[in-house]
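Please open the structure in a viewer and keep the selection tool at hand.

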Amino acid sequence: TPCSSTCSRFANTCVYGLQLRSSLSDFGPPRAPSDMARHASQINLDVERTFPSHPDFRLPEKGAAGGNGRRLEPLRRVLMALAHAHPDVGYTQGMNFIAGWAMLALDASAEGGDGRRGRAPAPLHAVERSETSAFWLVSALLAGAFRGYFEPGLEALREDLDALDLAFCADHCAAWTRLAEHGCAVKFFCP
């Protein structure tokens, strides 16, 4: 029903807001303050490195056109909330691209667009809506398909990349051999 959908959306937004507030303050479950400070420091470095050629992630420079940077703060908030909501993972480099992609993809799907450049930018309310949705999507990915990918040591990611390398070797032996001759592996080309 429309009412239950609205209530569910409101509840998701409230939970996201609580995670965000807790990540920025002393409220919420006890956390080592140094952990959140360390995550915040790395997030602040990485946010401006996210999709640097996309205008929504590029700060406007004096005298330069093309950047509005309007997704930088929402992205920072999503990453801080994720670091707080997933203390076993915290924040690891690369999560900024997953969350940034989620914001872009969710905006495109909400507007019925295909995400190609040249479209009019999403209205600000859509960016805010995609912020909450991006938090939940990335949160689900961290708990599901990407479980272990961003945990310290990246063990699950390394195992999957090794499996990909072996599968490529089995299916495309000549190409795998050629890469190996140059000291490369297929996993070097994975984001």
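Please bear in mind that the model is predicted.

**First stop: alanine 99**

Select residues 95-110, which form helix H4, and locate alanine 99 within this helix. Is alanine 99 buried or exposed? Its relative accessibility is 0%, and alanine 99 therefore counts as buried, since the cut-off for buried is under 20%.

Next, display the surroundings of alanine 99. Leaving aside residues up to four places away in sequence, alanine 99 touches Leu75, Val78, Leu79, Ala134 and Val138. Now select proline 74, which is 25 residues from alanine 99 along the chain. The C-alpha atoms of proline 74 and alanine 99 are separated by 10.0 Å.

**Second stop: serine 139**

Proceed to helix H5, residues 124-143, and select serine 139 there. Serine 139 has a relative accessible area of 11% and is therefore buried. Which residues does serine 139 touch, not counting those up to four places away in sequence? They are Leu82 and His86.

Select residues 155-171 for helix H6 and residues 173-181 for helix H7. The two helices pack at an angle of about 120°, and their axes are 5 Å apart. H6 is therefore oblique to H7.

To view the contact itself, show Asp165, Phe168, Cys169 and Asp171 on H6, together with Cys173, Ala175, Trp176 and Leu179 on H7. Of the residues in this contact between H6 and H7, six are nonpolar and two are charged, while none is polar.

Note on methods
Residues numbered from 1 in each chain as written. Predicted model: local features only at pLDDT ≥ 70, side-chain atom pairs only at ≥ 80, totals over all residues. Heavy atoms only, no water. Helix = DSSP H or I, 4+ residues; strand = E, 2+ residues; numbered from the N terminus. Buried < 20%, exposed > 50% of the residue type's maximum accessible area, 1.4 Å probe, protein only. Contact = heavy atoms within 4.5 Å. Axes fitted to C-alpha atoms, helices over the stretch in contact; angles between N-to-C directions. Parallel < 35°, antiparallel > 145°, perpendicular 65-115°, else oblique. Nonpolar A, V, L, I, M, F, W, Y, C, P; charged D, E, K, R; others polar.
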